[in-house]
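This briefing goes through one protein chain by topic. Please keep the sequence and the structure open while reading.

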Amino acid sequence: MKTIKLYDLDSMLSEFECTVLSCEQCDRNYKIVLDKTAFFPEGGGQTCDTGAIGNTNVIDVQEIDGEIYHFTDKPLNVGQTYTAHLNFEQRFDKMQNHSGEHIVSGIISNKFGYQNVGFHLSDSVVTCDFDGTLTRADLDEIELLANKVVWSNVKLNTYYPDAEQLKNISYRSKLEFESNLRLVEIEGVDTCACCAPHVKTTGQIGAIKLLQHEKNKSGVRIYLKCGMRAIADYQNKYNNVAEISALLCAKQDETAQGVNALLQEKEKLKYEITGLKRQIIDFKLQTCETTDGNIYIIDKDLSTDDMRYFANNMVTRCNVFGVFCAKENGFSYICASGQTNMREFGKSLNAALNGKGGGSDKMIQGSVICDKEQIEKFFSGKY
Ligand SMILES: [Zn+2]
């Protein structure tokens, strides 16, 4: 049974009449073969079309050993003719992005000699992989050239050339085709072997936007959005920038500078706060006694660096010095000594105060789950 591929004949066809040739149950779905179909099966990096045949939903379409199978949620009568509909907005969106990709890949091949070695088109993301590297400046130039092709509104022709015709055509291809090669020609721009449906003229693509790029093996992966997706992306980013612009009281095209100034200001304030906190710690250090016994301090809002600064300055002024910083559900701590083995001290501290942590013979660090009174009891030797 060979299904006639209506999507090959007219890519803009969204509704068609078809007769069911076979219907088999498989797992929870039904597997249906039609005499003709406008549903494009998954292939060539593009996901399949969805829609309905009569009142059954087409969930998946796959080409297996040359046969096109429509997977539906309900069975259909063999021999009966039905009206079928594609989710055409979804199909048109994929055609805009796939045709846009051909233009971009054609330009990159002509201008840089790099080949498209990977293509993925899902309902949300389009990526193209090339076997050479490109800079952001290159991408901006390619994007402009690609959009000029859109504005020229040139025709896309799809056809199956015979062996004789093929000898005189140069085309891009990822695979070696032996027979049934289908070419997609964008007049004057690109010819590429491809099985998917495409827009009829480049004007239908609307817009081509190249987004981020990243290293991929020895080449580059480019993310792109065309047509409706490019507009939705622009709307989303416009709203985002407008909000940042209002928050910063900066012009929309100067938001990056505004954020940079804010980050620098934040760093300056962080530096000032650190200095002020050190002054407070130095003041507290002055009030600490010097003793042969152990000393502990309980504080709050101390960084690990602050706690270490405390410990380093107190270690010569007592036997064991401990600094505890209040946090949710207990305290973090650093304890140090020039005389006592802190590993051993840490074991009894953790056991007594429900703690965990460790370190060197001279300094330990960790956290405890207990209250102030328990810390006081531990340091006064009552455990
Ligand atoms: Zn293609």
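The model is a predicted one. The domain assignment divides the chain into domain 1 (4-86), domain 2 (92-240), domain 3 (250-283) and domain 4 (288-379). Between the C-alpha centres of domain 3 and domain 4 the distance is 31 Å.

- Six strands form a closed barrel in the order 2-3-7-6-5-8, and their pairing is antiparallel. From one strand to the next the twist averages 45°.
- Strand 2 (residues 15-26) is joined to strand 3 (residues 29-34) by six bridges in the antiparallel sense. Within this pair, glutamine 25 is opposite tyrosine 30 of strand 3, and serine 22 has valine 33 of strand 3 as its bridge partner.
- The hairpin of strand 2 and strand 3 has two residues between the strands, and aspartate 27 in this hairpin has a positive phi near 50°.
- Strand 3 also pairs with strand 7 (residues 67-72), antiparallel, through three bridges. Here isoleucine 32 has histidine 70 of strand 7 as its bridge partner.
- Strand 2 pairs with strand 8 (residues 81-86) as well, again antiparallel, over five bridges. Glutamate 17 faces threonine 83 of strand 8 in this pairing.

**Helix 2 and helix 3**

- Helix 2 has 25 residues, which should span 36 Å at 1.5 Å a residue; its end C-alpha atoms are 35 Å apart, in agreement with that figure.
- Helix 3 (residues 136-152) consists of 17 residues and reaches 24 Å from its first C-alpha to its last, close to the 24 Å expected at 1.5 Å a residue.
- Which residues of helix 3 are buried? They are Ile142, Ala146, Asn147, Val149 and Val150. These residues lie on the same side of helix 3 because they cover an arc of only 145° around the axis.
- The cover over the buried residues of helix 3 includes helix 2 (88-112) and strand 14 (208-216).
- On the face of helix 3 turned away from its buried side are the exposed residues Ala137, Asp140, Leu144 and Trp151.
- Asparagine 153 follows helix 3 and has a positive phi, near 50°.

**The mixed sheet and its helices**

- Five strands make up an open sheet with the order 16-17-18-20-19 and mixed pairing. Strand 16 (295-299) and strand 19 (355-359) each have a single partner strand because they stand at the edges, so one side of each has no neighbour in the sheet. The twist from one strand to the next averages 15°.
- Strand 17 (residues 320-327) and strand 18 (residues 330-337) run antiparallel and are joined by eight bridges. Phenylalanine 321 has alanine 336 in strand 18 as its bridge partner.
- Helix 8 (residues 342-353) packs on the sheet and touches strand 17, strand 18, strand 19 and strand 20 (363-368). The direction of helix 8 makes about 170° with that of strand 19.
- Helix 9 (residues 372-379) lies across strand 16 and strand 17. The angle at which helix 9 runs to strand 16 is about 170°.

**Aspartate 233**

- Aspartate 233 is part of helix 5 (residues 228-248).
- Why does aspartate 233 count as partly exposed? The reason is that 14 other C-beta atoms lie within 10 Å of aspartate 233, whereas a buried residue would need 20 or more and an exposed one 12 or fewer.
- Which residues does aspartate 233 contact, leaving aside its neighbours within four places in sequence? The contacts are with Lys209 and Lys225.
- Aspartate 233 and proline 41 are separated by 192 residues in sequence and by 27 Å in space, C-alpha to C-alpha.

Conventions
Residues numbered from 1 in each chain as written. Predicted model: local features only at pLDDT ≥ 70, side-chain atom pairs only at ≥ 80, totals over all residues. Pairing = 2+ DSSP bridges. Helix = DSSP H or I, 4+ residues; strand = E, 2+ residues; numbered from the N terminus. Axes fitted to C-alpha atoms, helices over the stretch in contact; angles between N-to-C directions. Contact = placed C-beta atoms within 7 Å. Expected span 1.5 Å × (residues − 1). Arc of directions from axis to C-beta. Domains from an automatic or database assignment.
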